[in-house]
Every structure is written in C-alpha cells, then in structure tokens.
Amino acid sequence: MKLLLISNSTNAGEEYLRYPLPEIGRFLQGVREIVFVPYAAVTFSYAEYERRVQARFAELGIRVRSVHRAGDPAAFVRRAEAICVGGGNTFALARKMQQQGLMQAILRRIRAGVPYVGWSAGSNVCCPTISTTNDMPIVQPESFRAIGAVKFQINPHYLDANPAGHAGETREQRIREYIEANPRRWVAGLREGCMLRYDGGRLELIGGRPMRMFRKGVEPFEVEPGGDLSFLL
C-alpha cells in the first residue's frame with residue numbers, strides 16, 4: 001500500500017495546498033493523472049473543487065480528473081493511476097462514496113498498490129470508520145464504515161486546547177469518549193501541518209509537530225516525527 005494521509009490542506013495564512021505540495025509531489029513521483037473524489041464539497045460545486053485542485057497539481061505536472069464527471073464512478077476508480085480524496089464535510093463525502101460503491105473500489109486499488117492521497121475528510125475515510133471526524137453530520141450516510149485501509153482512526157486538525165472563553169469539551173475529551181466506546185482502536189491526533197506516509201510497509205509521521213496517541217487503558221502519549229509507529233500496523 002501507498003498512502004499519504006494529510007491533516008489539513010492549508011496552513012493559516014498560506015495558499016491552498018501550499019505546504020503539503022512538495023511531499024505530495026515526492027509521493028506521486030512518476031504519476032501523470034489522478035482520479036479525484038470531490039464529494040466533501042458542500043458550499044461550492046464539485047467542478048469548482050476539481051479546478052482548485054487542478055490549479056495546484058498542475059505545478060507537479062499532474063492532470064486531475066474528478067469522479068463526478070464519470071458515468072460509472074467505481075469503474076473510473078478501477079482504472080485510476082492514483083487516487084486523491086479532498087477534505088470538506090466527512091458525512092457528505094461518505095454518503096456519496098457509499099452510494100457509488102467507491103469505498104470498496106478504492107480499497108481494492110489501494111491493495112493493488114495504487115497511491116492514495118487524502119487530506120482532512122479524505123484522511124478520515126481511509127480509516128475503518130468516520131467516527132473521529134470533527135464535522136457536523138449534515139447528511140446521513142448508510143453507515144460510519146469507511147475504506148479501512150489502515151487499522152487505526154485519525155482525528156485531523158487535532159487541537160490541544162479550546163479557545164479562550166470556550167467551555168465545551170476539548171478534542172482530547174471527545175477522543176476519550178470514542179475510545180471508551182471502542183476500546184480496541186487506536187486514535188491518532190494528527191495536528192495541522194503534519195501527515196502520515198505509509199510506503200514499503202513503513203508508517204512515518206512527517207511535519208514539524210508530534211502526534212498524540214490515544215487508546216483505552218493507555219495514557220495518551222506523543223510520537224515525534226520519524227518516531228516508531230509500528231504499533232499501529
């Protein structure tokens with residue numbers, strides 16, 4: 001498998017997809033065309049999402065072709081040279097992917113060695129379920145089940161504390177609720193500006209910040225970039 005699971009598309013004050021683009025380029029070296037899944041877009045069109053991603057991927061010499069233009073999206077995925085799933089609303093994304101049979105089609109391509117790139121919601125759907133998304137459930141998918149290419153959950157955009165004056169639960173408290181109900185599952189709190197790369201049987205944290213790990217019965221701990229992540233495999 002070849003996976004690049006990115007916490008967020010854009011760092012504060014930067015251009016869209018600017019910070020992860022060099023790593024995406026290295027990961028997709030030799031790829032000329034990607035199949036793009038835009039279904040996390042809600043307040044703008046799938047065509048506009050395709051244009052935004054194409055504008056950035058053009059810098060890598062990669063053509064972007066969106067599944068929303070295909071008569072048979074699952075068949076389109078089955079012919080993909082590489083697959084990219086963008087961020088947005090995870091529930092909207094999962095619902096459309098389930099309706100079109102894309103979860104299973106993408107998993108088969110991943111297992112065949114086709115590279116997969118996802119950011120935010122696109123990283124969430126690579127996990128066993130979408131249960132550790134931060135998004136509001138604006139639509140109801142068939143289930144919370146997702147692609148399941150990895151055995152652990154990701155919480156993208158992970159934050160350590162709430163904004164000043166906010167009295168609601170912290171992200172850590174929400175994740176502790178999840179592991180209480182799902183005690184056998186690891187959750188990776190993936191901070192912004194960071195990503196996970198799986199290639200050649202090795203999982204690596206890339207970025208300038210550590211990742212916070214959670215599991216029932218284990219005190220939360222930090223893993224530094226380049227640290228040992230074999231326990232997640």
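This report walks through some salt bridges and a set of paired strands in a predicted model.

## Salt bridges around Glu-59

The model has 20 salt bridges in total. Let's start with Glu-59, which makes one with Arg-18, their closest N and O atoms sitting 3.1 Å apart. Glu-59 belongs to the loop between helix H2 (46-57) and strand E3 (63-66), while Arg-18 is in the loop between strand E1 (2-6) and helix H1 (21-27), so this contact ties together parts that are 41 residues apart in sequence. Both ends see some solvent-accessible surface: Glu-59 is partly exposed at 45% relative accessible area, and Arg-18 is partly exposed at 28%.

Glu-59 also has a salt bridge with Arg-56, and here the closest N and O atoms are 2.5 Å apart. Arg-56 counts as buried, because its relative accessibility is 11% and the cut-off for buried is under 20%.

Next up is Arg-191, whose side chain meets that of Asp-160 in a salt bridge of 2.6 Å, N to O. You'll find Arg-191 in the loop between strand E7 (187-190) and strand E8 (195-199), and Asp-160 in the loop between strand E6 (153-156) and helix H7 (171-181), so the pair links parts that are 31 residues apart in sequence. Arg-191 is buried, with a relative accessible area of 5%, whereas Asp-160 is partly exposed at 43%.

This pair doesn't stand alone. Through salt bridges with shared partners, Asp-160 and Arg-191 join Glu-172, Arg-176, Arg-212 and Glu-222 in one network.

## Strand E8 and its neighbours

The loop that holds Arg-191 leads on to E8 (195-199). E8 is mostly covered, with four of its five residues buried. Which way does E8 run against E1, parallel or antiparallel? The two pair in the antiparallel sense, over five bridges.

## The turn from E8 to E9

E8 and E9 form a hairpin with two residues between the strands. What kind of phi does Gly-200 take in this hairpin, positive or negative? Gly-200 has a positive phi, near 60 degrees.

How values were computed
Residues numbered from 1 in each chain as written. Predicted model: local features only at pLDDT ≥ 70, side-chain atom pairs only at ≥ 80, totals over all residues. Heavy atoms only, no water. Salt bridge = Lys/Arg side-chain N within 4 Å of Asp/Glu carboxyl O. Buried < 20%, exposed > 50% of the residue type's maximum accessible area, 1.4 Å probe, protein only. Pairing = 2+ DSSP bridges.
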